[in-house]
Amino acid sequence: MEVKAKKSLGQHFLTDLRIARRIVDALSAEGPKDVLEIGPGTGVLTRYLLEREDIDLKLVELDHEAADYLLTHFPGMQGRLYLADFLKLDMRLLFEGRYRVIGNLPYNISSQIFFKILDDRDRIPEVVCMIQKEVADRIAEQPGSRTYGILSVLLQAWYDIEYICPVEPGAFAPPPKVRSAVIRLRRNSRTELGCDEKLFRQTVKTAFNQRRKTLRNALKPILPEGFDSSDPVFDLRAERLSVEDFIALTRMISGR
């Protein structure tokens, strides 16, 4: 049976086995044995993941056609494969403890997937994934760049980001109109931010939503009434601030 890529699901199936092997090899041999593959599609990563005796693999696939293909072509898939929407799935139903994540992520929802990973960050020590190169560049970028943004700050607060390799459109069927890249996220040693985390996220998002404005103007919607914004940091734009700067800014706004 053939699985047709569905535009509505943002599907571009990886066909380059060399790249597939490199992605799977990027998943370290250390860490929790439980591993989740998001969006396995036709199983190009799955075949190599199943060869690894150091992991216990589970998969989440939204596409019925792809799920049927996997069940037909990969013995022992029953009980490992969950036909579900990862964004709506309660991960504690799959894993009681810590687990790692791997996958060729659907490009149209990759940011939402990262936000869900952040919500479960204390159970996810490692993520290896292929995403749109533009998003990968943004996540790995440092302060001062125009591509540095919301995901850069929020992910770098909790993870060390490693850029593995770029991937050209010809490695997929059908070829996407954009270039791709493989990145690895490894949980850093931070256990808490030292500020209100909800306000931290709100501050980062609000600052970058109007990134051309100085923080004094961009953050007006969330600054407390009568707040003194004379500190020099408010003369800067969001892209100039590191994770630590945003933590300090959040504490300033909250009065802590």
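In helix α3, which spans residues 64-73, Ala66, Ala67, Tyr69 and Leu70 are buried, where buried means under 20% relative accessible area, exposed over 50%, and partly exposed in between (1.4 Å probe, protein chains only). These residues lie on the same side of α3 because they cover an arc of only 160 degrees around the axis, the arc being that of the directions from the helix axis to the C-beta atoms. An α-helix has 3.6 residues a turn, so residues three or four places apart point the same way. His64 and Thr72, on the other side of α3, are exposed. Helices (H or I, at least four residues) and strands (E, at least two) are DSSP runs, numbered from the N terminus.

This is a predicted model, in which local features need pLDDT of at least 70 and side-chain atom pairs count only at pLDDT 80 or more, while totals for chains, interfaces and linings use all residues. Residues are numbered from 1 along each chain as its sequence is written, and side-chain values use heavy atoms, with hydrogens and water left out.

The buried residues of α3 pack against α2 (46-49), β3 (56-61) and β4 (81-83), with contact meaning heavy atoms within 4.5 Å.

The structure has zero disulfides, a disulfide being a pair of cysteine sulfur atoms within 2.5 Å. For Cys165, the closest cysteine sulfur is that of Cys129, 11 Å away and therefore too far for a bond. Cys165 is buried at 5% relative accessibility, and Cys195 is buried at 11%.
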